[in-house]
Amino acid sequence: MTADIKSLTRDELSARFGEWRQPAYRAAQILEWLYIHRVTGWDAMTNLPKPLREKLRENFTLQTLELVRKQGERDTTQKFLWRLADHALIESVLIPANPALYGDASDRHTLCISTQVGCAYGCKFCASGLDGWKRNLAPQEIVEQVLAVERGAATDECQVTSDAIPSPITRHPSRLVNNIVIMGMGEPLANYDNLLKAIRILNAAWGGGIGARKITISTSGLAPQIRKLADEPEQFRLAVSLHGATDEVRSKIMPVNRKFPLRELTAALEYYQSKRGRLITFEYILIQGVNDSLEQTKPLAILAKKLH
């Protein structure tokens with residue numbers, strides 16, 4: 001299968017250009033077109049020789065997301081429904097925050113992105129897994145959600161034509177998306193390798209340029225992967241989809257708790273915190289008659305205090 005060029009790191013791209021006996025600066029030019037100008041076609045890369053563009057076309061794909069539906073207006077929360085190359089559907093949500101005084105536009109935007117088509121974990125309060133799990137997203141499909149939203153904001157059509165491309169620049173512009181939360185469709189840590197490659201591309205100065213501490217990974221509680229994440233070098237943030245402070249309640253609404261009960265999850269989180277020294281966020285949706293009783297408050301407080 002032909003690799004998508006947005007699934008490659010700078011080192012991987014440079015290595016391929018070395019095999020082709022191309023100057024090293026060509027890789028930097030392509031990365032600028034992809035992540036600053038957010039182009040959707042090879043012909044838009046006007047400062048590359050035509051033979052090189054043809055070689056790229058023959059060796060790589062350059063997939064984009066097709067916008068099926070957008071809900072919400074500019075500077076409000078907007079939900080995007082995307083169609084992938086195989087016609088599967090995923091969602092992203094753009095959330096504005098910190099509106100300036102006197103009704104000016106928001107100065108910060110968080111994008112919630114998906115990592116899987118469907119979900120296998122069957123949390124009772126979540127619609128993502130109603131049709132089961134279909135497949136993992138590839139790195140470029142995760143990365144492209146950010147680029148497609150920003151491309152759409154720039155053109156209001158989620159398309160960039162060659163006529164709309166500005167002249168090449170060498171510095172990273174201010175992005176529309178300032179923060180990323182991996183809280184969309186799917187269990188992020190069940191797609192661990194593709195997720196890590198994608199967010200490293202989004203974090204890299206040559207890629208998305210979004211700080212590691214501006215990227216939050218949310219998990220339903222996959223303890224082994226939490227430990228693995230703790231040993232990674234980047235300072236990505238971690239959020240835990242908790243929704244219950246006892247095994248009895250949590251197992252009722254989150255089947256993952258039967259495999260990784262709170263004792264095991266807590267141990268993994270303690271390991272994570274010992275390695276990273278950073279705060280962990282708990283997510284807790286109140287569900288009437290299920291997890292909103294006072295009996296949950298004491299164990300929740302104990303757990304929160306234990307993990308600082």
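Reply: On a 1 Å grid over the protein atoms alone, a pocket is an open set of points with protein on both sides within 12 Å along at least five of seven lines, while a cavity is a set of points where a 1.4 Å probe fits but cannot get out. Lining residues have an atom within 4 Å of a point. Grid points are joined across faces, edges and corners, and a volume is the space filled by probe spheres set on the points. This is a predicted model: local features need pLDDT of at least 70, side-chain atom pairs count only at pLDDT 80 or more, and totals for chains, interfaces and linings use all residues. Residues are numbered from 1 along each chain as its sequence is written, and side-chain values use heavy atoms, with hydrogens and water left out.

Me: OK, what volume does the largest pocket have?
Reply: About 860 Å³. Its lining has 39 residues, and Cys 126, Ser 128, Met 183, Gly 184 and Met 185 lie nearest the centre.

Me: Which strand gives the most to that lining?
Reply: β3, with five residues. At least two residues each come from β2 (78–83), β3 (89–99), β5 (116–118) and β8 (215–219). Strands here are DSSP runs of E, at least two residues, and helices are runs of H or I, at least four, numbered from the N terminus.

Me: What's the lining of the largest pocket like by class?
Reply: There are 18 nonpolar, 14 polar and seven charged residues. Ala, Val, Leu, Ile, Met, Phe, Trp, Tyr, Cys and Pro count as nonpolar, Asp, Glu, Lys and Arg as charged, and the others, Gly among them, as polar.

Me: And how many cavities of 30 Å³ or more turn up?
Reply: The search of the whole structure finds one. The largest cavity holds about 60 Å³ of space. Its lining is Gln 63, Thr 64, Leu 65, Leu 84, Ala 85, Gln 140, Glu 141 and Glu 144.

Me: Switching topic: which residues touch the most other members of the largest nonpolar core?
Reply: Ile 5, Ile 30, Met 45, Leu 56 and Ile 180, out of 77 residues. Helix α5 (residues 192–203) gives the largest share of this core, seven residues. A nonpolar core is a set of buried Ala, Val, Leu, Ile, Met, Phe, Trp, Tyr and Cys residues joined through side-chain atoms within 4.5 Å.

Me: What does Leu 56 touch?
Reply: Not counting residues up to four places away in sequence, Leu 56 touches Ile 5, Phe 17, Trp 20, Ile 30, Trp 42 and Leu 48. Contact means heavy atoms within 4.5 Å.

Me: Now Glu 150: buried or exposed?
Reply: Buried, at a relative accessible area of 3%. Buried means under 20%, exposed over 50%, partly exposed in between (1.4 Å probe, protein chains only). Glu 150 is in helix α4 (residues 139–155).

Me: Which side chain does the Glu 150 side chain make a polar contact with?
Reply: That of Arg 38, at 3.0 Å. A polar atom of the Glu 150 side chain also lies 3.2 Å from the backbone nitrogen of Leu 176. A polar contact is a pair of N or O atoms within 3.5 Å; within protein, one must be able to donate a hydrogen and the other to accept it, and residues adjacent in sequence count only if both atoms are side-chain atoms.

Me: Last one: where is His 87?
Reply: In the loop between β2 and β3. His 87 has a positive phi of about 75° although it is not a glycine, and it is exposed at 59% relative accessible area. His 243 also has a positive phi, about 65°, but it counts as buried at 3% relative accessibility.
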